Amino acid sequence: MSNWFPENVSTFGTDVDGVFWLIFYITAVWFVLTEGLIIYFLFRYRRKPGQKAAYILGDTWNQLAWVLVPLAIVVVLDVLIDIRGADVWAKVKGQRPPAEIVVLTAGKQFNWEFTYPGPDGKFGTPDDLKLDNELHVPVGKVVHVKLTAKDVIHSFFLPHLRLKQDVVPGREITAWFEVTKPGEYEIPCAELCGFGHSGMNGRLYAHTAEDYEKWLKERWSAEK
Ligand code: CUA
């Protein structure tokens, strides 16, 4: 059933999907069980001639158990999901591995603007390169994107990498990822940001190490 999702191409994607499936299967089992019971009880205890409905106060332990036992089960399952979820959260949003590549990313109506530091590795120098809607990275490297917004709130979404981060004016938020498979992946904006929101869609080009080197060379020799 995992083919509902776009292919996962990030190092932490499997963990994120794991939390989804954990919640999905827990809720699916309980949905079928409870709806099944409701339908069964509807028929089993339907109106019959000469039979009066019982008025249940819920003041005996026997009756209260119908509330307390499911409550206990819900709490246990909830804690289970929280523990697993906190683990994955820490991995994706908490412990950021050191950056091998840093790209400034600005959301603006209605484009993603990516800035590369250039050969000197510093931002704010003449060899910086700005690209609209094109993010080039090599696979197998930790990429940090420093996210800012120039106007309103946007949301930086990499569905194939299971990464989504709001981009907020007045704040710089760093997200990270490591791509595992070369290819071209979309970067839609996932926060309604105006009339052009649906067209705000960038591209992530994940290159092999050699192709990325080639791209860097071509880019910066073309600039100079
Ligand atoms: Cu930017 Cu929606």
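User: Which residues of the largest nonpolar core touch the most other members?

Analyst: In soluble globular proteins, nonpolar side chains tend to be buried together. A nonpolar core is a set of buried Ala, Val, Leu, Ile, Met, Phe, Trp, Tyr and Cys residues joined through side-chain atoms within 4.5 Å; buried means under 20% relative accessible area, exposed over 50% and partly exposed in between (1.4 Å probe, protein chains only). Here, of 39 residues in the largest core, Tyr116, Leu135, Val145, Phe156, Phe177, Val179 and Leu204 touch the most other members. Domain 1 (2-94) and domain 2 (101-223) both contribute residues, so this core lies between them; the bounds come from an automatic or database domain assignment.

User: On what basis are these values given?

Analyst: The model is predicted, so local features need pLDDT of at least 70 and side-chain atom pairs count only at pLDDT 80 or more, whereas totals for chains, interfaces and linings use all residues. Residues are numbered from 1 along each chain as its sequence is written, and side-chain values use heavy atoms, leaving out hydrogens and water.

User: How many salt bridges does the structure hold?

Analyst: Side chains of opposite charge can pair when their charged atoms come close. A salt bridge is a side-chain nitrogen of Lys or Arg within 4 Å of a carboxyl oxygen of Asp or Glu. The structure holds 10 salt bridges. In one of them, Asp15 pairs with Lys91, the closest N and O atoms being 2.6 Å apart. Asp15 is buried, at 16% relative accessible area, while Lys91 is partly exposed at 37%. Asp15, Arg84, Asp87 and Lys91 are linked in a network of salt bridges.
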